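Here are a few notes to read with the model open beside you.

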Amino acid sequence: MSTIKTIGVVLLAVLMTTTVVGASAVVAVDRTILDADKVSTTFENEGIQEEMTARAREQVETEVNNSLQGEELPPGISIDANSETVARQAITESYVNGQLTRNIEAIIAFLEGDTENLTLQMNTEPVKQSLIDQFDEEAVTVDTVTLTQQRDLSTADGSIEITDTMVRRLNEDQAGYTSVRRDLRAQQVTDLPIRIRQDESVAVNTVELATAIDLQSAQGDIDVSDRMIEDLNRDAAGYSSTRSDIRQQIQSASSRELSSTEIDQRLRLINEQAKADAAEQARAEYGDQVSEESLQNIIALQNTVIDGLTDPDLDSFEAYADRRDSDKRALEESLTADLNQRLREISADVQADAAAQAETQYSDQVGNETLQAIVDLQSTVIRGFIDPDLTEYSAYESQRDANETALESAIASEIQQRIDGQVDDQISLGNDLDENTGQLETVQSGLGLIGTLVFVLPLLFLGLAALVYAVTRSIRRTVSTAGYSLLVGGGIGAVLGFVLVGRVVGALESSGGGGSAAEEAFIDAFAALARTLFNAHITQSAVLAVLGVILIVGVYVESRRGSSPVRE
């Protein structure tokens with residue numbers, strides 16, 4: 001072979017060697033740092049996902065704490081949410097891994113030129129939905145007593161006074177409920193000689209009602225003491241004794257002995273005058289406090305007592321007691337009706353006033369649905385105090401609990417709506433690349449070239465081998481040249497890999513220290529990627545070198561046989 005051909009073969013061999021080194025390098029790059037799965041796996045092995053998960057949870061936990069602390073809810077309404085638990089359930093490692101892998105793929109696809117635009121985003125919809133799911137009505141607690149105690153439930157005219165203690169007792173049990181309802185009703189009857197029964201009806205004390213009237217006759221013939229009225233209503237003996245006492249007073253007031261008929265006549269005159277005086281006193285005393293029906297019933301009961309004292313014909317205690325008890329029942333029924341009507345009016349006024357107070361205090365803190373739920377709960381408590389028909393604690397408790405649930409649901413819905421409105425389904429990680437267009441185009445061009453070289457360099461190697469054959473017209477020389485090129489190129493690649501891996505990885509690792517845990521984790525991950533890249537390059541180079549040795553040995557063995565079918 002001539003000198004020129006020899007020089008040509010040497011040059012081709014050098015080019016082939018260079019091609020081997022380059023091909024090994026670009027294939028290593030393509031198989032490692034341009035492989036999204038490989039990058040993701042490396043990041044996972046180095047704890048990147050774990051660190052990113054921890055940081056994301058810490059951020060969510062902080063945001064939740066700040067949000068809960070800044071949430072101005074009315075006293076008595078609390079959110080029972082553990083920020084650490086919320087963050088742990090909202091941010092999972094699988095979620096972070098999926099988002100990281102997706103963005104790595106987007107970066108590689110953009111840099112390789114597979115997409116025109118780089119869109120880096122975090123899909124936060126799963127996180128937002130997790131937060132929404134956790135802030136349901138179970139996370140909200142309503143304390144009716146504390147919430148109601150923020151209102152002034154007393155009426156302006158002082159006819160109703162509801163204290164914090166009464167609010168607490170109302171919501172304890174049936175005994176407390178009944179007790180405070182009776183206390184409140186007693187506030188309405190302080191000027192009447194009556195009391196409130198256990199069933200909240202009015203009980204009239206006939207003796208007290210009668211003793212409140214001056215029954216002394218205008219002529220001064222009789223003087224009725226409180227003790228006499230008590231005796232009159234005690235039993236038949238007391239009734240007879242009291243009437244005899246009154247007849248004796250008339251006889252004593254006369255200057256002569258009176259006949260029974262004359263005493264009866266004077267008693268009838270006294271009876272008529274006493275009834276007129278008692279009716280006038282009753283109207284003056286109670287006219288503004290009770291209905292006309294109740295006033296007439298008071299007068300009727302007073303008249304019956306006066307008849308018991310002075311009516312000559314009503315000498316039977318049983319007849320008197322029947323009339324008295326009938327009049328008493330009628331009075332109790334009408335007074336109970338008066339009280340219930342008065343309480344219904346008061347209830348409407350107190351509910352309206354409490355609603356106005358709630359709107360003034362909370363309209364800037366909560367939405368309309370929540371505000372209405374607060375008003376509804378307050379109204380139920382007020383009705384528990386006042387409503388004549390809501391006598392059973394169990395019925396009140398059922399309504400109160402339903403209102404509490406509605407309020408908890410309204411608060412939860414409002415929080416969920418705020419989360420939905422404040423957190424986007426997608427968060428951009430930065431797509432404004434105008435300032436870095438030149439650098440990105442350079443990187444895209446370089447990576448695009450790598451993608452091309454992955455296929456071109458092996459073909460170029462084969463083309464150069466074909467040129468060697470064209471120059472030498474010898475398959476043996478061609479195979480031998482290819483073998484030496486693979487051996488030398490593989491060796492150079494392996495040596496460069498060994499030299500560079502230590503320096504690059506060392507430089508990356510030395511750049512760490514003093515940074516945050518996340519920064520350290522990323523440095524470790526990039527160092528691992530570099531180590532993987534160079535190890536892949538070294539391995540591939542070694543394989544190529546071994547392949548070169550195999551080709552060289554094959555040619556040598558074939559030449560030693562001397563019977564090779566190949567041409568020299």
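1. Start with what surrounds Ser 201: leaving aside residues up to four places away in sequence, Ser 201 touches Arg 195, Ile 196 and Thr 336. Contact here means heavy atoms within 4.5 Å. Ser 201 lies in the loop between β4 (194-196) and β5 (202-204). Helices (H or I, at least four residues) and strands (E, at least two) are DSSP runs, numbered from the N terminus.

2. A word on what you are looking at: this is a predicted model, where local features need pLDDT of at least 70 and side-chain atom pairs count only at pLDDT 80 or more, while totals for chains, interfaces and linings use all residues. Residues are numbered from 1 along each chain as its sequence is written, and side-chain values use heavy atoms, with hydrogens and water left out.

3. Is Ser 201 buried or exposed? Ser 201 counts as buried because its relative accessibility is 15%. The cut-offs are under 20% relative accessible area for buried and over 50% for exposed, with partly exposed in between (1.4 Å probe, protein chains only). The side chain of Ser 201 also makes a polar contact of 2.7 Å with the side chain of Asp 199. A polar contact is a pair of N or O atoms within 3.5 Å; within protein, one must be able to donate a hydrogen and the other to accept it, and residues adjacent in sequence count only if both atoms are side-chain atoms.

4. Now have a look at Ser 291, in the loop between α13 (260-286) and α14 (292-310). At 25% relative accessibility, Ser 291 counts as partly exposed. Its side chain is joined to that of Asp 338 by a polar contact of 2.9 Å. Ser 291 and Ser 334 are 43 residues apart in sequence, and their C-alpha atoms are 8.1 Å apart in space.

5. On to charged pairs. Side chains of opposite charge can pair when their charged atoms come close. The structure holds 19 salt bridges, each a side-chain nitrogen of Lys or Arg within 4 Å of a carboxyl oxygen of Asp or Glu. One of them pairs Lys 275 with Asp 307, with the closest N and O atoms 2.8 Å apart. This pair links distant parts of the chain, since Lys 275 is in helix α13 and Asp 307 in helix α14, 32 residues apart. Lys 275 counts as partly exposed at 24% relative accessibility, whereas Asp 307 counts as buried at 5%.

6. Arg 227 and Asp 231 also form a salt bridge, with 3.4 Å between the closest N and O atoms. Why are these two separated by about one helical turn? Because Arg 227 and Asp 231 are four residues apart in helix α11 (residues 226-232). Arg 227 is exposed at 56% relative accessibility, while Asp 231 is buried at 18%.

7. Arg 400 forms a salt bridge with Asp 401, the closest N and O atoms being 3.2 Å apart. Arg 400 is buried, with a relative accessible area of 8%, and Asp 401 is partly exposed at 31%. Elsewhere, salt bridges that share partners join Arg 227, Asp 231, Arg 234 and Asp 235 into one network.

8. Finally, the whole chain: the secondary structure comes to 20 helices and six strands. Of the 568 residues, 43% count as buried. Among contacts between residues at least 6 apart in sequence, 73% join residues at least 24 apart.
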